[in-house]
Every structure is written in structure tokens, then in C-alpha cells.
Amino acid sequence: MKNKILSFQNLIKISKLKRNQNKKIVLCHGVFDLLHIGHIKHFEEAKNFGDVLIVTITPDNFINKGPNRPAFNTNLRLEALQALECIDYVSVNKWATATQTIKSLKPDVYCKGPDYKKKDNDITKKIYEEEKAIKSVNGSLKFTNAINFSSSNLLNNFIKIHTNKQRRYLNYITKKFSFHDIKNLVSKLFAIKVLVIGETILDKYVFCETLGKSGKEPILALREIKTETYYGGSIAISNHLSNFCKSIKLFTMIGQKKEYKNDIMKNKSKNISVNFFYKRNSPTIVKERFVDLINKNKILGVYKINDELINIKQQKEIETQLNKLKGKIDHIIVADYGHGFISEKIARNITKICKSISLSAQLNAANLGMHTINKYKKIETVVINAMELRQEMRDRNSPIKILMKKLTHRIKIKNLIVTTGQDGSILYDKINNKYIECPAFASSVVDKVGAGDAMLAIVSIALNIGIDKHLSLLLGSLAAAQSVESMGNSSFVDKNQMMKAIESLIK
């Protein structure tokens, strides 16, 4: 069997050669994770549209069909396609979609399966961009009529790509909701008017090469390679929401000299309106982390921060601005990082502006032992991790569920969500005295920073409009899964990616 697997550059050369020989080129593109009879018939029919059939696949790093996908890596998928007689050449796409591939290869026909005939059913809407691309190179978009099987359905039902806990949880979801139901519920989030309150935190990642121990001193020596800055804290939460909600207001604190303000404005989504408050005698919070470039392990953290409480004059300014929003906001998300932005008085005032409030009051190296959520009362949803719960309750030994129940009664929380790392999350529904345990859905963990904020953003608004708690927790878990798969807050929760993952998970 000849080697049909080509580099993308060689594929471009072959395409040009075949066009010069007056050969009609057909391009198919997809993931093709589990090659099945539907794919085979699709390729055979596509070959009939021309003389040369080229198939390109999406590389592993661009596949967003949920945890443990792809089931088969790039090389295995290429080998499977190469074995089919009807396919002439196969290659790996360099981009997330086929748009640039079409422009580079200039095929006569771009061929999609029957499930794309109704273009509006494509969650990502990329089919429209691909159609535009094929027309730009004077080609045509055609659809096959082959039997339509689903790789996701076959993988979900016949190959164990999920743990038993994940499978049980997804079975509950699939029995109660169709994908169409979930899509409609998520679309309702668009109308929610959300206010986010909290500090802006810049996460500066200094990627280094580890040189080893200094020759003269007992310290670790590093060589700086590159620095990347991510915009975290309340601005990250707002950006996570921006793909789901039409209108987001942000009340946030930065330094007195307004450093980074312009950069923050450039790195926020367009549908976020910002009220900046400038903390006197304070810098904008910067958390610098030195990271090993090779394995991405964090070596050292250096914080630029002033944790003192804002002064009385600034507290009154915040209260004045909050009062203007009374009756105009559907939900408030409070991200209290314990760096002096939200006083007890402001915390009380927030509860008067809107009845629907979600809260995250996070522990970190700067506020350990000093930060508490006791200043908040009558909160709809609180998201914290297991260690934060134990710190809040000053109890390292009692079962997590017992502590959850105690905390909900102490500060009147309706829904308390505790994240437990690789074990997932637990929601305690105080009104129904019920625990819901959701497994984690991350395929790989690159960086945990920001995962709690991603979950808080999505689960808060889902619970706010009354979405089933199991489904709300799944949405939050998928948001967290997206977050941990990238460094810091370098990317934000993508609604299309989430819906694509859900579609694959429940098939």
C-alpha cells in the first residue's frame, strides 16, 4: 500500500500538480474519530464528484467534543483513513476549521455529510465560512446522502471513554433532556443582565529555563525565556459570561495610577461595560508566577499587592454607583478575593440591590486565615473549593457534606457548590436537603488557575434562571474543564465549544 499520508505543504504541491493535469479535486474534512460504515459510504460517494479525493483531519489539540476525545489520536486516525481505497491523500489540518485549508488547496468540490444539509444545525456555524471559502476559489459545496452514523454515539455506547461516574451522570441528563432542550435553555441565558463585582488581577507568567542551583548560594537559578500576561479576577469572570449573556456590567478595582487600564479595556469583550474604582496608595494587583517552560510547573510566586481596605470615601462612591443599579440587574456575581475592595458595609449593600447573588470568596497566599464569607448573608449560590470550606469552618477532619450543611445554615445559602479537584464537585441544595455530585470532565489539566471563576460564572446564571441543578452543575463543570486546559486566563469559556461537547456527550 502506497503512503497516502502527506505533510500539509506536500499536499498543497500535489493539489497544484493534479489541477495542472486537469484532475477534479474533492476535499472532505472532519475529525473522523471512530471510522465507521457511514464515513466509508460518505467518502465513496464524495469520490464520485471528482477524480482525486483528499481527506484532511482536525488535529487533537483543536477537537472540542468533550472529555476523553478524541478517542483515537491524530496518527491512528490518519492510518485508518489511509487504508481506504477510495481516498487518494490524507493530511492533518493546521487550523481549527477547514476554511484556510480550502483556500490553500483550492479544491473543485468541498464535500460534507448529510447532517450538514440543514446548515443552521451546525452549532459552530463554521459551515457558512467554509461555503464562502469554497466559493472564493471557484469551487462548489456538495453534500452526500450516505447513511448517517454518529462517531460520538458509537464511542459513548460501545467504547468506555467515560468513567462509570461520568456515565451515570450523563445518563441522568440524557433521560431528562434532549440536546434541543439544552440548547434552548442555554439560549435563555442571553437575556440575563449581570453585574460582576470584584478585583481585577493580572496574572503574569514568566516562563523560564531551569539552570539549577546557584554556584555560590543555596538558591535556584532560572533563565527567563518569555513573559505572558493574562487578565484574571473579575475581568475573567466577565469575559467567561460574555459568550452567554448580552449585557454585563463590571465594578472592579485597579491601582491609583490606573496602570493597565487601557490593556484591560482592550482585553475585555465588547458587551462588558466597566466602572473602574482606583484604590488609593495601591498598585493594580499583579500576581507573577515563574513557570518551568518545559513541564509548565510553577516554581515561585511574587505578588504586587496592597491588601488594606479601601477608605470610607471610596466605599461611599461604590455604594452610590451600586444604588443606581437597583431594579436594573437580574443577577450579581461577587468575586471577593480578599484584597480590600469589598468591605462589610458594601457586602450588606449588595444584598439590597438584587436578591439573586452568587459568591466566590477565595483563599490565597495573601489572605490565608484572614478572609471569610461571614460578611455575606442570604446568598443564592456560593462556589468554593474543599480547602476553602475547611478553612472557613476551621475544621480539617469532618466529612465535606457535613461542613457544607453547616455553612449553608450559618449564612443562609440556597446552593453551596464545593469543588474537589479531580473528583469533580458537590452541590448542596439547602431547600430540598439534597446533595448532587458531578464528576470532573477535564481531559487534561494544564493549569488550575481560574477554573473556579469559570465554573462560578456559568453555574451562577444557569441556576438563576431555574435550570435543573444537575444540568447547571454539568454546564459549570464543562466551563471549568475548558479553563484548566489552558494556561491561566489565556482563553475564556466558549459557548459553541461547550455545546459541541454536550452534543457529543449525550449522543
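This is a predicted model: local features need pLDDT of at least 70, side-chain atom pairs count only at pLDDT 80 or more; totals for chains, interfaces and linings use all residues.

Analyst: In it, 5 strands make up an open sheet with parallel pairing, in the order β3-β2-β1-β4-β5. From one strand to the next, the twist averages 25 degrees.

User: Which strand pairs with β3, and over how many bridges?

Analyst: The general idea is that strands of a sheet pair through backbone hydrogen bonds, in a parallel or an antiparallel sense. Here β2 (residues 52–57) pairs with β3 over 4 bridges, in the parallel sense. At the residue level, I57 stands opposite V92 in β3.

User: Which strands does helix α3 touch?

Analyst: Helix α3 (residues 74–82) packs on the sheet and touches β2 and β3, with its direction at about 170 degrees to that of β3. Helix α5 (residues 126–136) also packs on the sheet; this helix touches β4 (109–112) and β5, and its direction makes about 160 degrees with that of β4.

User: Next, the cysteines. How many disulfides does a search of the whole structure find?

Analyst: The search finds 0 disulfides. C28 is in none, and the nearest cysteine sulfur to it, that of C111, lies 4.6 Å away.

User: Is C28 buried or exposed? And is C111 buried or exposed?

Analyst: Buried means under 20% relative accessible area. C28 counts as buried because its relative accessibility is 0%. C111 is at 1% relative accessibility, so C111 counts as buried.

User: In which sense, parallel or antiparallel, do β6 and β7 pair?

Analyst: β6 and β7 (residues 220–233) pair in the antiparallel sense, over 13 bridges. The two strands form a hairpin, with 6 residues between them. Within this pairing, G212 stands opposite A221 in β7.

User: Which strands run parallel to β6?

Analyst: Among them is β8 (residues 247–255), which pairs with β6 over 7 bridges in the parallel sense; here L195 stands opposite K249 in β8. β12 (residues 331–336) pairs with β6 in the parallel sense over 5 bridges, and the bridge partner of I197 in β12 is V334. β10 (residues 285–292) runs parallel to β6 and is joined to it by 8 bridges. In β10, R289 is the bridge partner of Y205.

User: Last, the pockets. How much space lies in the second largest pocket?

Analyst: In general, rolling a probe the size of a water molecule over the atoms shows where empty space is left. In this model, the second largest pocket holds about 1,300 Å³ of space.

User: Which residues lie nearest the centre of the second largest pocket?

Analyst: K448, V449, G450, A451 and G452 lie nearest its centre, out of 44 residues that line the pocket. Elements that give two or more residues to this lining include β6, β7 and β10. β11 (298–304), β14 (379–385), α13 (386–393), α15 (451–464) and α16 (469–484) also each give two or more.

Note on methods: Residues are numbered from 1 along each chain as its sequence is written. Side-chain values use heavy atoms; hydrogens and water are left out. A disulfide is a pair of cysteine sulfur atoms within 2.5 Å. Buried means under 20% relative accessible area, exposed over 50%, partly exposed in between (1.4 Å probe, protein chains only). Two strands pair if DSSP finds at least two bridges between them. Axes are lines fitted to C-alpha atoms, for helices over the stretch in contact, and angles run from 0 to 180 degrees between N-to-C directions. Contact means heavy atoms within 4.5 Å. On a 1 Å grid over the protein atoms alone, a cavity is a set of points where a 1.4 Å probe fits but cannot get out, and a pocket is an open set with protein on both sides within 12 Å along at least five of seven lines; lining residues have an atom within 4 Å of a point. Grid points are joined across faces, edges and corners, and a volume is the space filled by probe spheres set on the points.
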